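User: I'd like to go through this model and ask what stands behind each label. Could you take me through it?

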Amino acid sequence: LYLSGGVYLGGTGAANKLDDYEEGSGIPVVKYGTTTMSVAAGATDHYVKIGSLVTYLFEFQISNLNSGSGNFTLALPFAMMSSGYATGSVRIYNGEVVGNEFIAITSSSSTLDFRRNRNNTATDSINPTDAAYYFGSITYRTT
């Protein structure tokens, strides 16, 4: 679809022009520390970027931890803006769930972190589980 002159939201001023739209998809790059884990066939991620707003969706099953250790993360298509913070939702199926699991991106980071609230004052990384399924989405702002 091509609209001559552009598309505007809420008026025809330059600030309202929707002129920065992008979509993409691929296979998620999931890490356990610095080690890339293997994911089963059918793993997918998808993003939509409109201006500086990014919505990212993912689903994957871990097929091998590949002897990794450390933080459980997922590569994002764009880095979070400076001084930004975002949370989203995650569903874990057939994996370790001890309660209070969440996903987050910290300021200027290009990775999504799988975290758990330990004691209402601290968080730590979720331990990924071999053969577990992870589904989720997050919306954040990039520069």
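User: Why is Glu101 called buried?

Analyst: Glu101 has a relative accessible area of 18%, and buried means under 20%, exposed over 50%, partly exposed in between (1.4 Å probe, protein chains only). So Glu101 falls on the buried side. Keep in mind that this is a predicted model: local features need pLDDT of at least 70, side-chain atom pairs count only at pLDDT 80 or more, and totals for chains, interfaces and linings use all residues. Residues are numbered from 1 along each chain as its sequence is written, and side-chain values use heavy atoms, leaving out hydrogens and water.

User: What makes Glu101 and Arg116 a salt bridge?

Analyst: Their closest N and O atoms are 3.9 Å apart. The rule asks for a side-chain nitrogen of Lys or Arg within 4 Å of a carboxyl oxygen of Asp or Glu, so the pair counts. Glu101 sits in strand β9 and Arg116 in strand β10, so the bridge ties together parts 15 residues apart in sequence. A strand here is a DSSP run (E, at least two residues), numbered from the N terminus.

User: Which residues make up the salt-bridge network?

Analyst: Glu96, Glu101, Arg116 and Asp124 are linked in it.

Notes: Helix = DSSP H or I, 4+ residues; strand = E, 2+ residues; numbered from the N terminus.
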